[in-house]
Number of protein chains: 2
Amino acid sequence: MTTTSDTRAGEQGRSRPGRIIVSANPLNAEIPPDAWQHTITPTDQFYVRSHFAAPQADADSWSLQLSGALEGAREVTLAELRALPTRTLTATMECAGNDRLGFAPLCEGEPWGSGAVSTGVWTGVALRDLLARVRLRPTAVELLFTGADAGAPPDSSGALAFERSLPLAKALDPDTLLAFELNGAPLPHIHGGPLRLVVPGWYGMASVKWLTRITALEQPFAGYFQRERYVLVRPGEAERVPLGAMAVKSRITAPSEGATLPMGSHTVSGVAWSGSGVARVEVRVDHDGAWQAARLHDGPRYAWRRWEWTWEADEPGKHVLQVRATDEAGNTQPDVAAWNQFGYVNNAIQSVVVYIGEREAA
Amino acid sequence: MTTTSDTRAGEQGRSRPGRIIVSANPLNAEIPPDAWQHTITPTDQFYVRSHFAAPQADADSWSLQLSGALEGAREVTLAELRALPTRTLTATMECAGNDRLGFAPLCEGEPWGSGAVSTGVWTGVALRDLLARVRLRPTAVELLFTGADAGAPPDSSGALAFERSLPLAKALDPDTLLAFELNGAPLPHIHGGPLRLVVPGWYGMASVKWLTRITALEQPFAGYFQRERYVLVRPGEAERVPLGAMAVKSRITAPSEGATLPMGSHTVSGVAWSGSGVARVEVRVDHDGAWQAARLHDGPRYAWRRWEWTWEADEPGKHVLQVRATDEAGNTQPDVAAWNQFGYVNNAIQSVVVYIGEREAA
């Protein structure tokens with residue numbers, strides 16, 4: 001399945017707005033503003049992140065190579081994988097570069113607005129269930145995941161595959177999946193089908209698409225996408241912080257930016273997520289207002305959660321709505337996210353401007 | 001004339017979009033996005049800044065009191081003022097809090113977007129021509145300008161008038177006007193009519209509306225709007241920097257945010273201004289691009305100047321257009337404006353996101 005046929009399939013009988021293309025080749029695309037109304041992002045609106053041209057990927061002949069520090073290195077077909085017990089979970093996935101446009105100065109990388117985040121229902125096999133069959137050697141320290149997509153990034157010394165490693169603890173988590181379905185249907189090619197890793201709670205770069213090889217490493221992986229990209233490089237700091245779990249973040253989905261509302265009671269609502277659970281969501285109106293607790297809906301562990309808050313709007317004019325979430329470790333979204341060279345982890349508090357009463361007569 | 005009647009007058013035969021109300025009482029309102037197409041802002045779209053309720057102001061009985069360190073303290077009627085030689089000049093006026101919403105954390109004060117700036121043709125009498133008739137004493141160091149509007153700001157100790165002072169050098173500049181016309185018609189009440197000070201090149205707070213008194217001071221003025229507001233208060237810095245000349249700034253007015261354009265050649269255009277002249281305007285496409293010189297149109301000394309640049313758009317997808325201006329002293333707009341408590345002087349480089357080619361099919 002190609003991008004084009006995916007889009008065509010999506011056109012059959014749907015009236016949803018399409019994704020917003022950030023770059024056409026390779027395809028990078030955001031969810032449309034309309035998509036925030038869905039707790040589960042429709043597959044044809046799910047954001048797309050590609051590093052290289054999409055590779056050939058035929059489900060019938062697809063196999064996964066297992067090698068390195070394993071007792072039983074081998075090749076696994078999709079049919080063999082599907083014969084293992086399956087696991088389904090709902091998880092929000094966010095690109096580490098989401099909201100990169102919010103950084104000033106502008107950072108290197110794809111100019112993502114706020115739409116490089118989606119929530120899907122993933123079905124696959126727990127990676128640990130497969131690993132139990134091939135048995136890691138005690139010398140293994142990381143697992144390396146290699147996609148079938150490859151190319152030469154502008155600043156690299158040559159062609160390379162998209163590869164990322166995971167520490168064993170995260171790789172062996174029962175929720176780390178070898179996924180072959182999204183939202184109850186075979187995983188579309190543009191989302192990494194027929195097979196991708198899904199690492200719930202982590203930024204999307206960990207969820208390697210078109211997964212073709214797993215290698216058990218006896219040394220930490222130091223490849224391009226592990227050490228040169230997807231690290232926080234802050235001015236004046238020598239440390240390069242590797243990205244992992246998603247930082248706590250929230251979004252107002254109603255009312256929309258620039259909306260004009262009558263005086264009276266309005267429901268302000270949205271979603272909040274983090275790699276490690278959302279404890280609290282608060283809303284503020286204008287600078288002078290106090291932060292007030294929103295009602296936080298329940299939901300699956302790795303999925304964004306809806307929240308809502310009732311606004312008694314009794315003052316005409318322009319107002320600024322802000323939302324902030326706090327994770328279970330007590331981390332609250334910052335007013336300003338720490339600038340870093342590649343523009344990752346922008347979880348700054350969002351401001352939405354709305355008008356109460358009427359604009360001046362036209 | 002009241003706000004309401006001004007609006008009503010504006011409605012007679014016009015089809016322009018109205019201002020965007022930031023607060024209704026007192027009236028604070030931005031120019032609508034449509035207004036950027038006009039080099040001279042139409043009067044009924046000119047931004048409005050009020051600190052207190054608009055005062056009674058009848059042109060027939062209006063007079064200006066002159067007092068303090070003067071040889072000839074007296075009262076001047078509008079008719080007497082109009083009998084002096086008049087002067088007309090085009091000047092851009094910007095609220096010091098314009099783009100306050102761009103600061104994070106959010107700052108105290110009116111939630112201005114980008115529309116608290118306008119350009120008008122002002123007609124009046126040079127302040128120096130009036131002062132020549134009343135003669136300053138040699139002990140005078142500043143002139144204090146008092147508006148007829150008064151009230152109690154939330155954090156002040158009581159009621160006070162809107163008052164600002166000017167150093168003698170600026171007050172005696174031949175372009176500092178006692179203005180009674182805007183765009184060739186009597187100055188509307190909401191813009192400070194029948195009489196306001198106009199201090200070209202300075203932030204709008206200096207151009208005192210409903211001007212009712214001028215006092216020659218022998219000590220620098222230390223009132224609320226001089227020392228408590230309209231000063232830059234930066235975290236960790238003891239110095240409170242008083243605001244004066246407008247910092248260099250620019251704006252892309254076409255294409256508009258979120259526009260989708262076909263591949264090919266497009267004109268990117270906008271305006272640039274500063275309190276002390278614009279020397280250079282440059283445009284950049286995406287992070288990797290170099291800054292490229294725009295064509296800068298000529299114009300009156302204190303008015304914003306139009307610029308344009310031709311974009312050969314040959315790559316589909318999402319792009320970020322940025323513009324930056326440099327003033328004649330060599331100051332260039334910053335990527336990030338220095339945060340300050342009240343959110344003044346946000347002249348950070350603007351980014352406009354546009355799409356080349358098509359969004360994904362709906």
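This is a predicted model: local features need pLDDT of at least 70, side-chain atom pairs count only at pLDDT 80 or more; totals for chains, interfaces and linings use all residues.
Residues are numbered from 1 along each chain as its sequence is written, chains are lettered from A and ligands numbered from 1 in the order in which they are written, and side-chain values use heavy atoms, with hydrogens and water left out.

**Entry 1: the hairpin**

I looked up the partners around that bridge. β1(A) and β2(A) pair in the antiparallel sense over four bridges; two strands count as paired if DSSP finds at least two bridges between them. Strands here are DSSP runs of E with at least two residues, helices are runs of H or I with at least four residues, and both are numbered from the N terminus. The two strands, β1(A) and β2(A), form a hairpin with two residues between them. Four of the five residues of β1(A) are buried, so this strand is largely enclosed by the rest of the structure. Buried means under 20% relative accessible area, exposed means over 50%, and partly exposed lies in between (1.4 Å probe, protein chains only).

**Entry 2: chain A against chain B**

I then looked at the interface. In chain A, 40 residues are in contact with 40 residues of chain B, where contact means heavy atoms within 4.5 Å. I found two salt bridges across the interface of chain A and chain B. A salt bridge is a side-chain nitrogen of Lys or Arg within 4 Å of a carboxyl oxygen of Asp or Glu. The side chains of A:Glu30 and B:Lys318 meet in a salt bridge at 2.3 Å, N to O. The elements that give two or more residues to the side of chain A that touches chain B are α1 (3-11), β1 (20-24), β2 (27-30), β22 (317-327) and β23 (350-356) of chain A. Of these, β1(A) gives the most, with five residues.

**Entry 3: two sheets in chain B**

Four strands of chain B form an open sheet in the order β15-β17-β21-β20, with antiparallel pairing. Its edge strands are β15 (249-254) and β20 (295-296) of chain B, and each pairs on one side only. I checked one bridge: the partner of B:Arg295 in β21(B) is B:Glu308.

Five strands of chain B form another open sheet, in the order β16-β23-β22-β18-β19, and its pairing is mixed. At its edges stand β16 (260-261) and β19 (292-293) of chain B, each with a single partner strand, so one side of each is left without a neighbour in the sheet. B:Val283 stands opposite B:Gln292 in β19(B).

**Entry 4: two residues of chain A**

Is A:Thr119 buried or exposed? I found A:Thr119 buried, with a relative accessible area of 0%. This residue, A:Thr119, lies in strand β6 (residues 117-126) of chain A. A:Ala132 is in helix α3 (residues 127-134) of chain A. I found A:Ala132 exposed, with a relative accessible area of 55%. A:Ala132 and A:Leu172 are 40 residues apart in sequence and 9.7 Å apart in space, C-alpha to C-alpha.
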